[in-house]
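Hi,

Here is the structure I promised to pass on to you. Have a look at it first, and then read on for what turned up in it.

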Amino acid sequence: MVERKYFQKPMIVDKISSKKDLEELWNSIDWPAVRECVFRQQCRIARAAEEGRLSDVLRLQEELTGSDEAKALAVKEVTQRKSRDMPGVDGVLWKTSAEKMYVAFHLNEEGYTALPLRRFYLPKESGTMRPIGIAAMNDRAMQMLYSYALQPVAETLGDPHSFGYRLFRSAKDACTAIRNFLGRQAGDVWVLDADITGCFDNISHNWLLKHIPLRREYLRQVLKSGYIYCGRYFRISRGVPQGGIISPILANMTLDGLEPALMETFGRSCSTFGLTETQKPRLLFVRYADDFIVLSSSRSVVEDAWDETNAFLKPRGLCLSEEKTPGRFDPGRVRFPALAVPK
């Protein structure tokens with residue numbers, strides 16, 4: 001028997017012989033204390049990330065994903081989501097307290113293998129179909145567990161004006177940033193309204209495995225699990241699972257760095273004749289998930305931002321969508337059909 005500080009009753013980690021024991025253990029968990037424990041572990045990861053201590057980040061992530069508190073909380077959260085009644089390919093659902101406690105004990109065990117996703121499609125307004133993958137319950141709990149470890153890094157190192165799938169941020173915050181920028185401009189503002197082609201479906205696995213600070217063995221399981229559709233198994237060589245718990249974090253981290261890159265190139269580097277360095281046009285970048293806009297008082301800055309953005313996205317397996325670009329694309333005259341927003 002091993003006692004855990006943040007539970008009201010001792011957690012027995014060897015053999016539990018009865019369903020009643022499991023139920024009592026689950027029902028006796030002090031959830032506020034568990035959440036506080038996990039939050040403190042996440043704060044330690046965030047501090048290590050902020051100070052650039054990668055080895056400490058990985059070590060602290062291992063501690064968090066191996067803790068009883070994080071495992072129990074991951075199981076609790078996935079069984080409270082709307083998808084709790086939608087099984088994966090194995091048909092398994094967790095309904096009772098005993099089942100949840102048993103899974104919490106065995107989560108993240110050695111030899112873990114992710115099951116394929118159960119794939120189905122939802123219609124989009126454009127007339128195309130959006131692929132959605134339903135993971136098995138155990139895989140969802142694992143994604144939740146590892147999202148606890150990765151989210152502190154993503155929040156600490158994320159771009160300043162990234163608002164989608166971020167803690168304590170919303171679309172209203174993105175609109176406020178845009179409104180404030182427009183209010184400071186004396187003349188017209190040029191806008192690049194961009195969309196990334198199939199962002200979630202095309203992110204490079206090699207780039208993720210090389211740059212995402214997370215246990216490689218687990219990340220590879222998530223990326224390479226494949227999916228089952230109409231009884232057939234399909235392998236995947238790129239992209240992250242649409243609908244996956246950890247997928248929005250991976251997508252955000254893939255696109256993080258684009259804002260600093262554009263600001264470094266165009267923030268004060270527009271070659272406007274006759275203006276001093278402090279008078280040269282500035283730029284605003286605002287992103288919500290995989291949709292973003294670039295605003296500037298200089299048309300050339302906005303047009304050139306198209307090429308700079310594509311250069312940034314290419315190593316990540318991504319590119320901008322010309323189909324979703326407003327206006328007409330004329331490579332002979334303009335690199336991107338920017339829109340003028342009059343004051």
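In what order do the 4 strands of the open sheet come? They run E2-E1-E4-E5, with mixed pairing. Before I go on, please note that this is a predicted model, in which local features need pLDDT of at least 70 and side-chain atom pairs count only at pLDDT 80 or more, while totals for chains, interfaces and linings use all residues. Residues are numbered from 1 along each chain as its sequence is written, and side-chain values use heavy atoms, with hydrogens and water left out.

**The open sheet**

Helices (H or I, at least four residues) and strands (E, at least two) are DSSP runs numbered from the N terminus, and two strands pair if DSSP finds at least two bridges between them.

Strand E1 (residues 117-123) runs parallel to strand E4 (residues 227-229), joined by 2 bridges; arginine 118 has isoleucine 228 in E4 as its bridge partner. With E2, E1 pairs in the antiparallel sense over 6 bridges, and there arginine 119 stands opposite glycine 133. E1 and E2 form a hairpin with 5 residues between them, and glycine 127 in the turn has a positive phi of about 100 degrees.

**A second hairpin**

E6 and E7 form a hairpin with 2 residues between them, where alanine 289 in the turn has a positive phi of about 60 degrees. Strand E6 (residues 283-288) and strand E7 (residues 291-296) are antiparallel and joined by 6 bridges, and valine 286 has isoleucine 293 in E7 as its bridge partner. Of the 6 residues of E6, 5 are buried (buried means under 20% relative accessible area, exposed over 50%, partly exposed in between, with a 1.4 Å probe and protein chains only).

**Helix H6**

H6 is largely enclosed by the rest of the structure, because 16 of its 21 residues are buried.

**Rings and charges**

There are 6 aromatic pairs in the structure (rings of Phe, Tyr and Trp, the last by its six-membered ring, pair if their centres lie within 6.5 Å; planes under 30 degrees apart count as stacked, over 60 as edge-to-face and the rest as tilted). Tyrosine 227 and phenylalanine 234 are stacked, because their ring centres are 5.1 Å apart and their planes are at 15 degrees. Tyrosine 227 is buried at 13% relative accessibility, whereas phenylalanine 234 is partly exposed at 23%. Tyr112, Tyr146 and Tyr218 form one aromatic cluster.

Best wishes
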